[in-house]
Amino acid sequence: IKKEYFGITWGIWNEKEGQIIDNIKRKRSDPTSYQIDNNGREAITLYKVIKLGSYTSEVIFFPRTGRTHQIRVHLASIGHPLAVDSAYGGGSDLRLSKMKRGYRPKKGREEKPLITRTTLHAARLEWNGLDGATIAVEAPWPADFSLAIKQMRRWRVKSV
């Protein structure tokens, strides 16, 4: 099975594509979370950066192994957590004020988050059917994801 995920991460990536190879193991202190651990199971994630912003990047991920929370753990380990991922260092929501220096909502208005859920989307799955034919399923971005990306791209500095 080939998997493709789209994610919004914190930070500007130095390498535009590459791979992250680190073993992952369940945390003893929190059995719902995982961490990098030499005694864990091998995990491999390929990536390609598609857009850079002042503070965030849009990245496509191609996991080669299927460990629980693999992409999220790998991103946290290299200092580029998902923009919204409170379990792995990305925060609980994404707001323009976190991305645009000096941004303030209009007087008397509260700033609303662009998105409040994990900024990782399973974009495409591909596998061979029983007859050998390739089957591919693509999932468009949900509405909240699309709106957040549209707003974020207004403040982008460059594309890759």
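**Entry 1: D85**

I looked up the D85 side chain and found a polar contact of 2.6 Å to the side chain of R72. I counted a polar contact as a pair of N or O atoms within 3.5 Å; within protein, one must be able to donate a hydrogen and the other to accept it, and residues adjacent in sequence count only if both atoms are side-chain atoms. The model is predicted, so I kept its limits in view: local features need pLDDT of at least 70, side-chain atom pairs count only at pLDDT 80 or more, and totals for chains, interfaces and linings use all residues. Residues are numbered from 1 along each chain as its sequence is written, and side-chain values use heavy atoms, with hydrogens and water left out.

I placed D85 in the loop between α1 (70-77) and β7. Helices (H or I, at least four residues) and strands (E, at least two) are DSSP runs, numbered from the N terminus. Is D85 buried or exposed? D85 counts as buried because its relative accessible area is 2%. My cut-offs were under 20% relative accessible area for buried, over 50% for exposed, and partly exposed in between (1.4 Å probe, protein chains only). I then listed contacts (heavy atoms within 4.5 Å). Neighbours within four places in sequence aside, D85 touches R72, G90 and G91.

**Entry 2: H69**

I checked the backbone at H69. Its phi is positive, about 60°, although H69 is not a glycine. Most residues other than glycine have a negative phi. H69 sits in the loop between β6 and α1. I put H69 down as partly exposed because its relative accessibility is 25%.

**Entry 3: aromatic rings**

How many aromatic pairs does the structure hold? I found five. Rings of Phe, Tyr and Trp (its six-membered ring) pair if their centres lie within 6.5 Å; planes under 30 degrees apart count as stacked, over 60 as edge-to-face and the rest as tilted.

One of the pairs is W13 with Y47, tilted, at 4.7 Å centre to centre and 50° between the planes. This pair links distant parts of the chain: W13 is in the loop between β1 and β2 (17-21), Y47 is in strand β5 (residues 44-53), and they are 34 residues apart. I noted both W13 and Y47 as buried.

W13 also pairs with F61, tilted, at 6.5 Å and 55°. Here the link runs from the loop between β1 and β2 to strand β6 (residues 56-63), with W13 and F61 48 residues apart. F61 is buried, as is W13.

I also saw F6, W141 and F145 linked into a cluster by ring pairs.

**Entry 4: surface patch**

Which residues form the nonpolar patch on the surface? I read off I1, L125, W127, I135 and V137, with about 450 Å² of accessible area together. β7 (120-128) and β8 (134-138) are the elements that give two or more residues to the patch. I1 lies in the segment before β1 (2-10). I1 counts as exposed because its relative accessibility is 76%.

Patch residues have over 30% relative accessible area and no salt bridge; like charges are joined within 9 Å, nonpolar side chains (Val, Leu, Ile, Met, Phe, Trp, Tyr) within 5 Å. A salt bridge is a side-chain nitrogen of Lys or Arg within 4 Å of a carboxyl oxygen of Asp or Glu. Areas come from the Shrake-Rupley method with a 1.4 Å probe; for residues, only the protein chains shown count as cover.

**Entry 5: whole chain**

I counted two helices and nine strands. Buried residues are 37% of the 160.
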